[in-house]
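Biologist: I would like to learn how to read an interface between two chains, and then the fold of one partner. Could you take me through an example?

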Amino acid sequence: MTPTSYAENVQFKLARQVDVDKAKRRKRTINVVIMRILVLAALLVPWQLGVEAGLIDPLFFSSPSAILTFLVTELGSGGVWPHVLVTVREALMGFLIGAVAGVAAGILRMQFPLLADVTNPFLTILNVLPRVALAPMFVLWFGIGEGSKIALSVSLVFFILMLNTEAGIKSLDRELIITQRALGATRTQLFWKVMLPGAVPAMFSGMRLGVVYSLLAVVVGEMIASQMGLGQRIAFYAASFQGDGLLGTILILAAIGLIFNVVVVNVEAKLMHWRLHDED
Amino acid sequence: MTRPGEEEVVANLAGQAGGADGISIEKVGHAFPTKDGGSILVLGDVSFSVPNGQFLAVVGASGCGKTTILNMAAGLVRPVSGRVRVGGKDVVKPLRDTGYMFARDGLLPWRSALKNVEVGLEHRGVPKAERRERALKMLDIVGLSGFGDSYPAQLSQGMRQRVAIARTLAINPATLLMDEPFAALDAQTKLALQAEFLKIWEKDRQTVMFVTHDLAEAVSMADRVIVLTSRPGRIHAEFEIDLPRPRDPAEIRFDEGYLRQLDQVWHALKEAEERAG
């Protein structure tokens, strides 16, 4: 009788404690959101008021209300959408080609050390080279259209994925390989069942970086020479002193980058569920 | 003791018949190169054999080369001199019917427990349905039925080591090489797993070479214990453990015969270390 009521008492107290903790966490989340809104307001309100009071020159700095108006009309009328489409297409193509080639190169170089030794100096030089310097050359080779932007993106994404894949394979727990060898795995089986799945987490951290750099590369490419794309728009708005267009387009790019990132993180979480289990 | 010549003939015959002939370590010496261009002798002329179905424990201080001997029998290391044969054949690469267990479980973290038990069978090309059936049975034997879908990160150390045992036994090995397989476990779990492993082994009687520095583990589990000296490893003493089976390492702890043999082995190991030191 007594132990049961004692246990029940403990359980009751625990349940109450859990409720209290939950309420505390919820309150904290709400506070964080409120404070974030306050920070945003602290940036936007003085800006807007400053412009209206004539203290800030809207020619250079635009104003929050002007940017909002720009975004509403452009996104509503559809004027900006063809540019969004071009930029997203270039970034995705560049990312895809660069990632596939980078992962393949990383795997091949790890499987064949001779290949790695021979290619090392060339790849090192290419990797330390500021890739943007290649942009004008890519325009010569691939034209002013999407090809040159994709090429620039590939030149960045390739190295990120290659180096991450190699790091993933190199940092693989030796114990896993020895255990599987002792269990009778052939070289091919070791590759498919241990090295490749073992390098997947590193590949994903490469991809998270890769999508962001891919977007960066195509925007820079568009700013240098292009007829379409958000980078071209940015260059145009800046040259014609249209601050609202400039900042509005930057916001659109930020949104695209955010979406890319969310997609990769979600795919990663799905594939890496074995790693996240201890957090459940 | 058979003369070396005889042993070789027997071994060859068994090899030709395709049957297993335990493990034989013949005049094995091994050295590692050092950074300054010299070398360290880790094993000096070690010879012994493990007959079919025997449970041999090899004990010795760390650095006596006991793991190196295991790695040679596993086909992971080639001896600098001498030969190592398992089932009558020279070991040049991991053999398909030898199982190897380590102190660390080495489970693939991205595979569920069931898929980890299946992996050795996958390497051998066993069809999926058969593989699954055998893996489920092995998980059941090690007391983990119902945990097949769990990932290693969700399991306790003891459970992970159980999965590792199931994985090793799933390939139905004729020979088992074990490198302190219970060393990473807490005392209670260790005793429980030792007992469970013995229960399984006493049914199937694989040839076992078990390396440990835990003397209680060696004496309570093995048929025979070999004591190695410290670097370079040489055989210092050998004991037949004639305790009755089935044995339970937890129950046996206060048995008089067990304690006497444990004492003998302990003294032998102390002697071996003093001689080397």
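This is a predicted model: local features need pLDDT of at least 70, side-chain atom pairs count only at pLDDT 80 or more; totals for chains, interfaces and linings use all residues.

Biologist: How is the size of the interface read, and what area is buried between chain B and chain A?

Modeller: The size of an interface is often given as the accessible area lost when the parts come together. Here about 2,200 Å² is buried between chain B and chain A, with carbon and sulfur atoms giving 62% of that area. In chain B, the residues that lose the most area to chain A are B:R104, B:W110 and B:H123, which together account for 30% of what that side buries. The contact draws 25 residues from chain B and 21 residues from chain A.

Biologist: How many salt bridges does the rule find across the interface?

Modeller: The rule finds 3 salt bridges between chain B and chain A; one of the residue pairs joined in this way is A:E175 with B:R104, whose closest N and O atoms are 3.5 Å apart. There are also 6 residue pairs in polar contact across the interface. On the side of chain B that touches chain A, helix 3 of chain B gives the most, with 4 residues, and the residues of that side divide into 12 nonpolar, 6 polar and 7 charged.

Biologist: Which secondary structure makes up chain B, and why is chain B described as compact?

Modeller: Chain B has 8 helices and 10 strands. Its radius of gyration is 19 Å, close to the 19 Å that the globule rule gives for 277 residues, so chain B is as compact as a globular protein of that length. Buried residues make up 55% of chain B.

How values were computed. Residues are numbered from 1 along each chain as its sequence is written. Chains are lettered from A and ligands numbered from 1 in the order in which they are written. Side-chain values use heavy atoms; hydrogens and water are left out. Contact means heavy atoms within 4.5 Å. Buried area is the accessible area (1.4 Å probe) that two parts lose on being put together, summed over both. A salt bridge is a side-chain nitrogen of Lys or Arg within 4 Å of a carboxyl oxygen of Asp or Glu. A polar contact is a pair of N or O atoms within 3.5 Å; within protein, one must be able to donate a hydrogen and the other to accept it, and residues adjacent in sequence count only if both atoms are side-chain atoms. Helices (H or I, at least four residues) and strands (E, at least two) are DSSP runs, numbered from the N terminus. Ala, Val, Leu, Ile, Met, Phe, Trp, Tyr, Cys and Pro count as nonpolar, Asp, Glu, Lys and Arg as charged, and the others, Gly among them, as polar. The radius of gyration is taken over C-alpha atoms; the globule rule is 2.2 Å times the number of residues to the power 0.38. Buried means under 20% relative accessible area, exposed over 50%, partly exposed in between (1.4 Å probe, protein chains only).
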